[in-house]
Amino acid sequence: MADGGDPGSGGSDDRNVPRNPNLEGVLRYAIENTPDNAGDTPVSPGPMDVNRRQWLGAALQQFAQTAQDDVEQMKTCLQTLAEGGEDHIEEKETAMEELMDLCCSIDNAQDLHKMGGLVLVISYLKHRNSGLRWRAGDVIATVTQNNPFCQAAALELAALPTLLELVDTDPDSNVRVKALYAISRLTGSCEEAQQRLVEHDGFSVLMRAMQSDTEKLKVKAAFLLRNLCLSNPQHKDTLCNMGMVTQLASMLQTEHNTFHEHLMGALVALVTGNRQAVKDCRQPQLQLKQVLTDRIEHLKGREEFQEEMEYCQQLLHICFSQHDDTLAAADR
């Protein structure tokens with residue numbers, strides 16, 4: 001780790017130069033030698049002394065070498081994955097894990113696609129070995145997270161329909177969870193991916209995931225549904241039209257469990273600012289007002305359910321604090 005301490009006998013001008021030329025050291029050096037805008041304290045624009053120039057040159061050289069090393073390592077991983085046949089499963093799983101680590105860097109993730117690696121990884125979503133399927137999902141999630149270039153590439157390579165199919169039908173629960181994780185990263189802040197999700201009936205897939213027996217899958221599905229409602233309120237009309245409000249409210253009538261907190265979070269996001277969703281919640285057969293009132297009483301004094309308690313209170317306020325004629329007037 002780079003250290004900005006005593007550099008030895010280099011003199012006072014280079015006392016803040018880190019000894020080790022790594023990324024953290026460069027960033028620290030840049031911050032410490034940038035003008036203080038708040039205090040209007042400028043850094044002297046004078047020439048760089050020899051020690052600083054040598055250190056910076058070494059740092060830049062090391063960056064270039066690290067980037068090249070990463071590319072070569074990714075090529076090796078891809079060569080392992082490109083080998084035909086069903087053999088060497090463990091080696092291929094290791095290659096996937098190494099790719100996942102390397103592609104935490106946005107630059108590496110983009111390089112992976114440029115060298116033809118993303119299409120190869122996506123092909124492994126259909127591999128007979130479940131360990132390779134879920135690792136492929138993990139790599140796709142890592143590559144597309146906060147990365148518009150790779151999100152667009154994954155969409156072009158038709159990753160989304162395959163991921164949705166895995167969430168819906170794969171016999172391995174871990175594969176289903178990782179596939180949904182990849183979908184959440186692929187659709188994050190990406191309007192095109194969200195639109196494709198709607199076109200491929202992705203909301204129905206999320207509904208079925210929340211009705212599954214796999215806790216992690218249920219939680220991730222509810223969390224993604226909430227995020228989609230928050231990121232694009234237009235999704236709420238689609239969800240109301242397909243009966244999502246009724247489905248979520250009905251699931252709250254089952255015996256209380258920790259998943260209900262995530263259900264309520266999704267329901268709060270759905271009803272906020274949407275009159276149709278509020279009307280759906282007030283359907284007499286759902287008895288949602290009574291369910292929420294009873295739940296608040298059940299959770300009183302239990303700190304571990306504080307967030308769920310707050311969701312209950314929000315739902316009561318949004319859905320049942322207005323008079324029927326107020327809602328009717330709003331619709332007119």
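Predicted model: local features only at pLDDT ≥ 70, side-chain atom pairs only at ≥ 80, totals over all residues.
As a general rule, nonpolar side chains tend to be buried together in soluble globular proteins.

Leaving out residues up to four places away in sequence, Met 210 touches Lys 218, Ala 221, Ala 222, Leu 225, Met 244, Leu 248, Met 251, Phe 259 and Leu 263.

The chain as a whole has 332 residues, of which 43% count as buried. It contains 19 helices and zero strands. Among contacts between residues at least 6 apart in sequence, 66% join residues at least 24 apart. The accessible surface is about 17,600 Å², and carbon and sulfur atoms account for 48% of that area.

Another methionine, Met 96, lies in helix 3, which spans residues 89–102. Met 96 counts as buried because its relative accessibility is 1%, and buried means under 20%. Beyond its neighbours within four places in sequence, Met 96 is in contact with Leu 81, Val 121, Tyr 124, Leu 132, Arg 135, Ala 136 and Val 139. The C-alpha atoms of Met 96 and Asp 138 are 8.6 Å apart, although 42 residues separate the two along the chain.

Aromatic rings remain. The structure holds zero aromatic pairs. Lys 114, however, lies over the face of Phe 149, at 5.7 Å from the ring centre.

Definitions and conventions
Residues numbered from 1 in each chain as written. Heavy atoms only, no water. Phe/Tyr/Trp six-rings, centres within 6.5 Å; stacked < 30°, edge-to-face > 60°. Lys NZ or Arg CZ within 6 Å of the ring centre and 35° of its normal. Contact = heavy atoms within 4.5 Å. Helix = DSSP H or I, 4+ residues; strand = E, 2+ residues; numbered from the N terminus. Buried < 20%, exposed > 50% of the residue type's maximum accessible area, 1.4 Å probe, protein only. Areas by Shrake-Rupley, 256 points an atom, 1.4 Å probe, with all protein chains shown as cover.
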